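Here's a quick briefing to read with the model open beside you. Let's start with a simple "where is it?" and then go topic by topic.

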Amino acid sequence: MRHFPPLLEMIEGLVHTPSVSSVDPAVDRGNRAVIDLLASWLDSSGFQVEIMPLPGNPAKANLIATLGRGPGGLVLAGHVDTVPYDAGKWTHDPFSLTEADARLYGLGTSDMKSFLALALEASRDMQAINLKEPLILLATADEETSMSGARALVDAQRPRARHAIIGEPTGLHPVRMHKGILMEAIRLHGHSGHSSDPSLGNSALEAMHIVIGAILAWREELQEHYRDPLFAVPVPTLNLGHIHGGDNPNRICAECELHIDLRPLPGMDSKELRDELHHRVRHSLRDSGISTDFESLSAGVPPMETAPDAPIVTLAEKLTGYPAQAVAFATEAPYLAQLGMDTVVMGPGDIAQAHQPDEYLALDRLNPTINILQQAIKTVCIK
């Protein structure tokens, strides 16, 4: 038997240890304290534990903990970072585990620290000698921002396994497909001048009006060409999320910037989409005298699709009683797929609770999650 603390004590310890990740450096903090806490539980219970600091950032790390040996095996994966919280909008302390209304309240209860504690609980009675394939517990950094933890795993080509379950909040419904994310800044450079005479300048703001028209026309083409009815929103989406230009009403606008968010379906290539976006923008401004440049606002996340007949998919459907779904939010699954794993996203939380004040996990999700994970371990690793 593993010498882990009791389940609720583990969840409390993870929630109590802050690990907020943010694109704002003033808010962002490391996850190493959470990784070290997990490592202390796992190392004392017979797992082989490796902590992998992220290159150039020792305050952040991934953890790979392995029970058993050999090829194949099952990865139970989760990120240990959380989003920032809305100060003053929580009824309960976000960094304390509060049990009330048949729920566990706290930052990360749903998304998704609790899953890691539940994975440990599910492995409590597993003996390495009985495992024909290894069980691997994986905890990652910065999923909520840059996916730098998952990218570091791909660079290191570790861990290696055949199957993976990522415990993101899905209400214990298996997910085998999700959209990707591509975020881009488009900057137009014109020429300022006195607004009384348009010939004195070249308006980047008016040029952006042309660019927006070209982008919306492209969006319509994409949505006519690509469609997957498994998704609630069955087409790729393209959102115009931010625009800024000019500095005064009586000056011709010299600079204008637009930020977009594109969510491609599985089968759509992010690099090809980015290249086509650049081509469309430049073509719309030909002979205008307006110059352009682009910036990727994030490295982006590829779409993910695991085959419907993959063993981990059919197993998850059998254990939960639900058919595998498709969702719009992105996860670390594409990176585990790059490491050769067939991956299902399936966790006890609900996406409606993620990133919200008073985030919670319902108590009646605990035992079903433990049972499902135990059966998955026995099926894949013990047989």
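Where is the place of P159? Look in the loop between α4 (148–156) and β7 (163–166), where helices (H or I, at least four residues) and strands (E, at least two) are DSSP runs, numbered from the N terminus. A heads-up: this is a predicted model, with local features needing pLDDT of at least 70 and side-chain atom pairs counting only at pLDDT 80 or more, while totals for chains, interfaces and linings use all residues. Residues are numbered from 1 along each chain as its sequence is written, and side-chain values use heavy atoms, with hydrogens and water left out.

- Most residues other than glycine have a negative phi, and most peptide bonds are trans.
- The bond from R158 to P159 is cis, with omega near 0°.
- Another cis peptide bond joins D111 and M112, with omega about -10°; M112 sits in the loop between β5 (103–105) and α3.
- A102, in the loop between β4 and β5, has a positive phi near 60° without being a glycine. A102 is exposed, at 53% relative accessible area (exposed is over 50%, buried under 20%, partly exposed in between, with a 1.4 Å probe and protein chains only).
- M147 also isn't a glycine, and has a positive phi of about 60°. You'll find M147 in the loop between β6 and α4, buried at 4% relative accessible area.

**The open sheet and its helices**

- Four strands make an open sheet in the order β10-β11-β9-β12, with antiparallel pairing (two strands pair if DSSP finds at least two bridges between them).
- At the edges are β10 (237–245) and β12 (291–296), each pairing on one side only.
- The twist averages 20° from one strand to the next; axes are lines fitted to C-alpha atoms, for helices over the stretch in contact, and angles run from 0 to 180 degrees between N-to-C directions.
- β10 and β11 (residues 255–263) run antiparallel and are joined by 8 bridges. G245 has C256 as its bridge partner in β11.
- Helix α5 (residues 204–225) lies across β9 (182–189), β10 and β11, at about 10° to β11.
- Helix α6 (residues 270–284) lies across β9, β11 and β12, at about 20° to β9.

**Nonpolar cores**

- The largest nonpolar core has 54 residues, and L38, L42, L74, L76 and I165 touch the most other members. A core here is a set of buried Ala, Val, Leu, Ile, Met, Phe, Trp, Tyr and Cys residues joined through side-chain atoms within 4.5 Å.
- α9 gives the most to this core, with 8 residues.
- Apart from it lies another core, of 27 residues, including L188 and L277.

**Rings**

- There are 3 aromatic pairs, counting rings of Phe, Tyr and Trp (its six-membered ring) with centres within 6.5 Å; planes under 30 degrees apart are stacked, over 60 edge-to-face and the rest tilted.
- F4 and F47 have ring centres 6.4 Å apart and planes at 35°, so the pair is tilted. The two are 43 residues apart, and both are buried.
- Y85 and F95 have ring centres 5.3 Å apart and planes at 90°, so this pair is edge-to-face. Y85 is partly exposed at 36% relative accessibility, whereas F95 is buried at 17%.
- The charged end of R103 sits over the ring of Y360, 3.9 Å from its centre (the rule: NZ of Lys or CZ of Arg within 6 Å of the ring centre and within 35 degrees of the ring normal).

How values were computed:
Contact means heavy atoms within 4.5 Å.
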